[in-house]
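Here is a short briefing to read alongside the structure.

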Amino acid sequence: TKCLDAIMFQFYNKNDQLRVTDLHQGIVWGTNTPQTVRDERLINRFDYDGDYGTVLNRFLMQGGMGVPLTVYGTGGQTRGFIHITDTTKCLEIAMENPPKKGERVEIFNQIAETRRVRDVAQMVATQTGVSMKLVPNPRQEAAENELDVSNRKFLSAGLSPTTLESENGLFSEVIDIVQKYKHRCDPEMILPASYWNKERAKACEGNLDIEKHMKK
């Protein structure tokens with residue numbers, strides 16, 4: 001769908017001279033912006049399940065529960081990350097700097113940093129005192145990959161991103177969110193229930209033992 005989006009953006013930009021800005025967004029983490037933190041009723045979603053939850057949220061929830069962090073495959077998948085506050089700032093920057101009529105599609109890479117999944121897991125494990133466990137990957141993807149991406153357009157426009165290891169980064173997320181709401185967690189939702197093909201489903205059969213451990 002992302003590839004189709006890009007093709008459609010290019011078509012309408014060229015055919016109808018529409019001014020188009022395409023935001024390539026990384027994994028959004030964090031639950032509050034300066035606006036939503038004013039009232040608990042405005043708190044954002046914290047999805048940790050195997051289908052819609054992000055890898056970081058899954059690690060944070062497992063760390064809060066005191067169970068091993070489940071790292072898919074080797075954990076060598078490289079992903080882009082951005083805090084929710086920076087996401088809203090990027091949208092503001094993009095709207096204030098639209099392409100001129102007749103210019104090509106403007107592409108912004110909406111990320112703050114890139115990290116390997118196993119490195120993110122190690123950060124959470126260090127801060128929560130839990131171990132890491134490599135488990136079969138439910139996805140059909142390369143065990144290791146690089147992600148060469150630049151966010152210099154946003155940086156030059158004034159973005160000062162929050163990183164996972166910054167003062168207002170990952171540690172506050174562990175303390176303020178996971179510890180406060182972990183009693184609402186459903187352990188059955190953490191591990192994946194969807195697999196990309198039959199071979200991946202077969203390889204992941206052993207994950208049932210991990211799920212039983214998390215229920216205890």
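**A loop residue to start with**

Thr-36 sits in the loop that runs between β2 and α2. Please keep in mind that this is a predicted model.

- Is Thr-36 buried or exposed? Thr-36 counts as buried because its relative accessibility is 13%, and the cut-off for buried is under 20%.
- The side chain of Thr-36 comes to 2.8 Å from the backbone nitrogen of Thr-33.
- If neighbours within four places in sequence are set aside, Thr-36 has contacts with Thr-31, Leu-42 and Asn-44.

**The chain as a whole**

- Eight helices and seven strands form the secondary structure of the protein chain.
- Taken along the principal axes, a box of roughly 60 × 45 × 30 Å holds the C-alpha atoms.
- The protein chain has 216 residues, and 38% of them are buried.
- Take the contacts between residues at least 6 apart in sequence: 83% of them join residues at least 24 apart.
- The protein chain has an accessible surface of about 12,900 Å², and carbon and sulfur atoms account for 51% of it.

**The nonpolar cores**

- The largest nonpolar core contains 26 residues, and Leu-56, Phe-59 and Phe-81 have the most contacts inside it.
- At least two residues of this core come from each of β2 (27-29), α2 (55-65), β3 (69-72), α4 (117-128) and α6 (170-181).
- Which element gives the largest share of this core? That is α4, with six residues.
- Another core, of seven residues, lies apart from the largest one, and its members include Ile-82, Ala-94, Phe-108 and Leu-159.
- As general background, nonpolar side chains in soluble globular proteins tend to be buried together.

- Leu-4, Ile-7, Met-8, Phe-11, Tyr-12 and Leu-18 make a nonpolar surface patch of about 570 Å².
- One of these residues, Phe-11, belongs to helix α1, which covers residues 2-16.
- Phe-11 has a relative accessible area of 43%, so Phe-11 is classed as partly exposed.

Notes: Residues numbered from 1 in each chain as written. Predicted model: local features only at pLDDT ≥ 70, side-chain atom pairs only at ≥ 80, totals over all residues. Heavy atoms only, no water. Patch = residues over 30% accessible without salt bridge, like charges linked within 9 Å, V, L, I, M, F, W, Y side chains within 5 Å. Areas by Shrake-Rupley, 256 points an atom, 1.4 Å probe, with all protein chains shown as cover. Salt bridge = Lys/Arg side-chain N within 4 Å of Asp/Glu carboxyl O. Helix = DSSP H or I, 4+ residues; strand = E, 2+ residues; numbered from the N terminus. Buried < 20%, exposed > 50% of the residue type's maximum accessible area, 1.4 Å probe, protein only. Core = buried A, V, L, I, M, F, W, Y, C linked by side-chain atoms within 4.5 Å. Contact = heavy atoms within 4.5 Å. Polar contact = N/O pair within 3.5 Å; in protein donor to acceptor, adjacent residues only side chain to side chain.
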